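I opened a new file today and kept notes as I went. The entries are in the order I looked things up.

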Amino acid sequence: THEKGHTIDLIITRSSDQIVSSDPVSDELFSDHFSISCSLSFLKPDLEVKEVTIRPKTIDLQSFLDDIAPSDLCNSQFDHPEVLLNLYNTTLKSIYDKHAPPKKKTITTRCVVPWFNKDIKQSNQVKRKSEQSGAYHVILMI
């Protein structure tokens with residue numbers, strides 16, 4: 001058994017991987033089953049830490065529109081599309097930055113594991129939410 005008490009039925013490795021760090025030892029019991037113990041050494045992949053920019057999910061739409069209305073974007077005539085495009089980009093970006101300011105956040109990316117799927121993630125979120133609200137109840141996954 002490994003540290004968590006689960007049974008590993010079979011270990012298959014390449015000798016070049018050098019995962020098995022000690023010779024397997026068989027414990028003889030008074031049974032038709034034998035346990036074979038060995039130590040395994042393998043490294044978990046390094047976690048990648050990166051910085052991302054996030055914004056609030058919602059903004060006050062009416063206030064956003066009120067800031068766009070008096071801008072040069074809505075009150076000027078343009079002969080060249082490049083000038084309009086440049087003004088469009090700079091005006092909307094500055095107003096958007098005002099209403100939904102960007103914030104830097106550091107996140108840790110984790111390697112994808114096949115046993116963790118969207119159903120398990122959703123179940124964990126429901127469980128955490130109920131724990132935080134103090135409303136403990138049974139969560140059934142079908």
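Entry 1, the chain. I am working with a predicted model. I looked up the secondary structure and found four helices and four strands in the protein chain. Read from the N terminus, the order of elements is β-β-β-α-α-α-β-α. I then checked burial: 8% of the 142 residues count as buried, that is, under 20% relative accessible area. For contacts between residues at least 6 apart in sequence, I noted that 47% join residues at least 24 apart.

I took α3 next, which covers residues 81–99 and has 19 residues. From first C-alpha to last, α3 reaches 27 Å, close to the 27 Å expected at 1.5 Å a residue. Which residues of α3 are buried? I listed L87, T91, I95 and H99. Viewed down the axis of α3, the buried residues fall within an arc of 85°, so they line one face of the helix. On the other side of α3 I found E82 and L85 exposed. I also looked up what covers the buried residues of α3, and the cover includes α1 (61–68) and α2 (72–75).

I turned to the second largest pocket, which holds about 160 Å³ of space. Its lining consists of R110, C111, V112, V113, W115 and F116. How do the lining residues of this pocket divide by type? I recorded five nonpolar, no polar and one charged.

Methods:
Residues numbered from 1 in each chain as written. Predicted model: local features only at pLDDT ≥ 70, side-chain atom pairs only at ≥ 80, totals over all residues. Heavy atoms only, no water. 1 Å grid on protein atoms, 1.4 Å probe; cavity = no way out; pocket = protein on both sides within 12 Å on 5 of 7 lines; lining within 4 Å. Points joined across faces, edges and corners; volume = space filled by probe spheres on them. Nonpolar A, V, L, I, M, F, W, Y, C, P; charged D, E, K, R; others polar. Helix = DSSP H or I, 4+ residues; strand = E, 2+ residues; numbered from the N terminus. Expected span 1.5 Å × (residues − 1). Buried < 20%, exposed > 50% of the residue type's maximum accessible area, 1.4 Å probe, protein only. Arc of directions from axis to C-beta. Contact = heavy atoms within 4.5 Å.
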